[in-house]
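I opened the model today and kept notes as I went. The entries follow the order in which I looked things up.

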Amino acid sequence: MFKEALELGGLAVVTGAASGVGKVAALRFAQRGLGVVLADLPGPRLDAAVEEVRSVSSEGATVIGVPTDVSDEAQVNALADKAFAAGEVAVLMNNAGIEIPSSSWGEMENWKKLLSVNLFGVIYGVHAFLPRMVEANRPAIVINTGSKQGITTPPGNPAYNTTKAGVKVISEQLSHELREANAPISVHLFVPGFTHTGINIAQYPEKPEDAWTSEQTVDYFLERMAEGDFYVLCPDNAVDSKTDHLRVSWAAGDIIGNRPALSRWHPDYAEQFTSYQKAGKIS
């Protein structure tokens, strides 16, 4: 559907577009001939990103920045109004996200912030844009940025994991409902690997050797999306696709095998998981 959406033209709307994978995606869409609506919190970063995208855009292409807090439903609705007033929406990329610490029975304010941005930001985006995209009945795509932490849910940040697990579920449900409605809109779950972005730049001022750049991650995603993949788990310099698949399969095996929750990190299963990974066979 991406090829058809590109050929028809229109706008790509990207949230979290002022930096990282969001900005790179905005640049790539502009380089492919689409107009771009960049949404992010107001400030110099958004202004600079708009100018950078404009510098690679086709002459006369629409490139605008719309200051938007995706945790505010009214602001997301206003973003949709401005986007549709500017043209037809060919791409909606719900990408904005934050990562702050949490624990299962602590940091309640962080839970609320993570849920409001990472999960409700996507839900608001879907509700604000999809009715009009479906009504337009033209080829289009929806990209929701998830995380491997929403699939294998490793210990360490339960609130973040919960939000990204929710993004996976809403993406799956949306894909199914659009298919049932015969809408010419494809949905794709974008799952970056370890990527050096604004989210982790405070922890890693310089790009770690194991991390991919935002450019590598976005280009890999666009390649797989063009092939029609729904789930796009991006590798990085430390974890290849086979390892990702083994980890996902092991996580599903916790349910099938009635193992303890998160058995991959359980001391009684450490040796079994290591042997499973070395064998390299998905059960």
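Where is the place of Val-36? I found Val-36 in strand β2, residues 35-40. Before going on, I noted that this is a predicted model, in which local features need pLDDT of at least 70 and side-chain atom pairs count only at pLDDT 80 or more, while totals for chains, interfaces and linings use all residues. Residues are numbered from 1 along each chain as its sequence is written, and side-chain values use heavy atoms, with hydrogens and water left out. Helices (H or I, at least four residues) and strands (E, at least two) are DSSP runs, numbered from the N terminus.

**Entry: Val-36**

I looked up the exposure of Val-36. Its relative accessible area is 0%, so Val-36 is buried. The scale is: buried under 20% relative accessible area, exposed over 50%, partly exposed in between, with a 1.4 Å probe and protein chains only. Next I listed contacts, meaning heavy atoms within 4.5 Å. Leaving out residues up to four places away in sequence, Val-36 touches Leu-11, Ala-12, Ala-26, Phe-29, Ala-30, Val-53, Thr-62, Val-63 and Ile-64. I also checked Val-36 against Thr-162. They are 126 residues apart in sequence, and their C-alpha atoms are 30 Å apart in space.

**Entry: α2 against α7**

Phe-29 from that list turned up again here, in the contact of two helices. Helix α2 (residues 20-31) packs on helix α7 (residues 214-226) at about 55 degrees, with the axes 9 Å apart. Axes are lines fitted to C-alpha atoms, for helices over the stretch in contact, and angles run from 0 to 180 degrees between N-to-C directions. That angle makes α2 oblique to α7. The classes are: under 35 degrees roughly parallel, over 145 roughly antiparallel, 65 to 115 roughly perpendicular, and the rest oblique. The crossing of α2 past α7 is right-handed. Right-handed means that the near helix is turned clockwise from the far one by less than a right angle, left-handed anticlockwise.

I then wrote down the residues. From α2 there are Gly-20, Val-21, Val-24, Ala-25, Arg-28 and Phe-29; from α7 they meet Ser-214, Glu-215, Thr-217, Val-218, Asp-219 and Leu-222. The contact of α2 with α7 divides into 6 nonpolar, 3 polar and 3 charged residues. Here Ala, Val, Leu, Ile, Met, Phe, Trp, Tyr, Cys and Pro count as nonpolar, Asp, Glu, Lys and Arg as charged, and the others, Gly among them, as polar.

**Entry: α4 against α5**

How do α4 and α5 lie, roughly parallel or oblique? The axes of helix α4 (residues 73-86) and α5 come within 8 Å and cross at roughly 30 degrees. The two are therefore roughly parallel to each other. α4 passes α5 in a right-handed crossing. On the α4 side the contact has Glu-73, Val-76, Asn-77, Leu-79, Ala-80, Asp-81, Ala-83 and Phe-84; on the α5 side, Tyr-124, Gly-125, Ala-128, Phe-129, Arg-132 and Met-133. By class I noted 9 nonpolar, 2 polar and 3 charged residues in the contact of α4 with α5.

I followed Phe-129 of α5. At 0% relative accessibility Phe-129 counts as buried. Residues touching Phe-129 include Val-13, Val-76, Leu-79, Ala-80, Ala-83 and Phe-84.

**Entry: α6 and its cover**

Helix α6 (residues 158-180) has 23 residues. From first C-alpha to last, α6 reaches 33 Å, close to the 33 Å expected at 1.5 Å a residue. The expected span is 1.5 Å times one less than the number of residues. Its buried residues include Ala-159, Tyr-160, Val-167, Leu-174, Ser-175 and Leu-178. Among the elements covering them are α5 (108-136), β5 (140-145) and β6 (185-191).

Ser-175 counts as buried at 17% relative accessibility. I found that Ser-175 touches Val-187 and Phe-230, not counting residues up to four places away in sequence. In β6 I checked Ser-186. Ser-186 counts as buried at 16%.

**Entry: positive phi**

Most residues other than glycine have a negative phi. I noted exceptions. Asn-137, in the loop between α5 and β5, has a positive phi of about 55 degrees. At 52% relative accessibility, Asn-137 counts as exposed. Thr-153, in the loop between β5 and α6, has a phi near 45 degrees. Thr-153 is partly exposed at 28%. Asn-182, which follows α6, has a positive phi near 55 degrees.
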